[in-house]
Amino acid sequence: MQLQQADFPFYTFTNLNKYGVRHFVTSCGPNADVNLRAANGAECRRRLAQSVGFDIDQLVTGEQTHSLNIAVVTEKDAGRGSLDIDSRIPCTDALITNRPGIPLMVLTADCVPVLLFDVATRSAAAIHAGWRGTANGIVSLTVEKMSRKFGTKPQDVVAAIGPCIGACCFEVGDDVAGHFSRWPETVIRRNGWPKPHIDLVTANRLQLEQSGVLPQNIEAADECTKCGPLQFFSHRRNQTLGRIGTGIVIDK
Ligand SMILES: [Zn+2]
């Protein structure tokens, strides 16, 4: 990821920058007071919008309940959950659109944020993949839905996996591990640890590849929110209410 200096600093991905796609990942490093949660984050969101260059009144967010619901966002949704909680799209963990000028954002603090951009149909997705969403295949389902709704071909998709809790820190109990029992050892890791660790980045990368996204089109931040040096919000590290905002907008 590359840090973009602005009033509200944010990170971007090299592969999405190559296609000139406006997108962002926020950090708590350069501005520790930053909190994008809708309850008190309105001012932060306005500054973010100005720095990235999108219209805050068009921003769309979902309620995020670890569901597999994927919303197809159109003009009628523009602005839902931009600055408040009540108007968010309910019970939705992935947002997809082919409409220019409507930014999509997910909020995370250890869960995996994933952005997709289809360079051919110019459609995009913002996905919240916690361990449940990851185990249940929300990223694959989103690629499928983009294919159905927009005619997306997986080989045209550029994917970015944002900062999340790394395998280093994501120790899980048997209940969570059970959901990953059919995954390879690169996802459910047991090397030398008393309890299994889950590699959510690898799990989502595998899902993308199995969906037909080309390995060279997948970029991962590979930045652990809990122990990494870049200081992203981490629920496990400090029980924070702060959230990383990860978003994308198709330019008009
Ligand atoms: Zn770690």
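This is a predicted model: local features need pLDDT of at least 70, side-chain atom pairs count only at pLDDT 80 or more; totals for chains, interfaces and linings use all residues.
**Exercise 1.** Give the strand order of the open sheet of 6 strands, and state which are the edge strands.

*Solution.* 

Step 1. The order is β1-β2-β3-β14-β7-β4, and the pairing is mixed.

Step 2. β1 (2–4) and β4 are the edge strands, since each pairs on one side only.

Step 3. β4 is joined to β7 (residues 104–108) by 2 bridges, and the two strands run parallel. In this pairing Thr61 is opposite Met105 of β7.

Step 4. Helix α2 packs on the sheet and touches β2, β3 and β14. The direction of α2 makes about 135° with that of β3.

**Exercise 2.** Which residues of helix α2 (residues 42–52) are buried, and why can they be placed on the same side of α2?

*Solution.* 

Step 1. The buried residues in α2 are Arg45, Leu48, Ala49 and Val52.

Step 2. They lie on the same side of α2 because the arc they cover around the axis is only 100°.

Step 3. The general rule is that an α-helix has 3.6 residues a turn, so residues three or four places apart point the same way.

Step 4. The cover over the buried residues of α2 includes β2 (10–12), β3 (22–26) and β14 (244–249).

**Exercise 3.** How many of the residues of strand β10 (residues 157–161) are buried, and which way do they point?

*Solution.* 

Step 1. The count is 5 of the 5, so β10 is largely enclosed by the rest of the structure.

Step 2. Val157, Ala159 and Ile161 point one way from the strand, while Val158 and Ala160 point the other way. In a regular strand the side chains alternate between the two faces of the sheet.

Step 3. β8 (residues 112–118) is joined to β10 by 5 bridges and runs antiparallel to it. Leu115 is opposite Ala160 in β10.

Step 4. β13 (residues 218–220) runs parallel to β10, with 3 bridges between them. Here Ala159 is opposite Ile218 of β13.

**Exercise 4.** Is Pro184 buried or exposed? List also the buried residues of helix α6 (residues 200–210).

*Solution.* 

Step 1. Pro184 is in the loop between α5 (174–178) and β11 (188–189).

Step 2. Pro184 has 12 C-beta neighbours inside 10 Å, so it counts as exposed.

Step 3. Leu206 is 22 residues from Pro184 along the chain, and their C-alpha atoms are separated by 9.8 Å.

Step 4. The buried residues of α6 are Leu200, Val201, Ala203, Asn204, Arg205, Gln207 and Leu208.

Step 5. After α6 comes Gly212, with a positive phi near 105°.

Methods:
Residues are numbered from 1 along each chain as its sequence is written. A residue is buried if 20 or more other C-beta atoms lie within 10 Å of its own, exposed if 12 or fewer, and partly exposed in between; C-beta atoms are placed from the backbone. Helices (H or I, at least four residues) and strands (E, at least two) are DSSP runs, numbered from the N terminus. The arc is that of the directions from the helix axis to the C-beta atoms. Two residues are in contact if their C-beta atoms, placed from the backbone, lie within 7 Å. Two strands pair if DSSP finds at least two bridges between them. Axes are lines fitted to C-alpha atoms, for helices over the stretch in contact, and angles run from 0 to 180 degrees between N-to-C directions.
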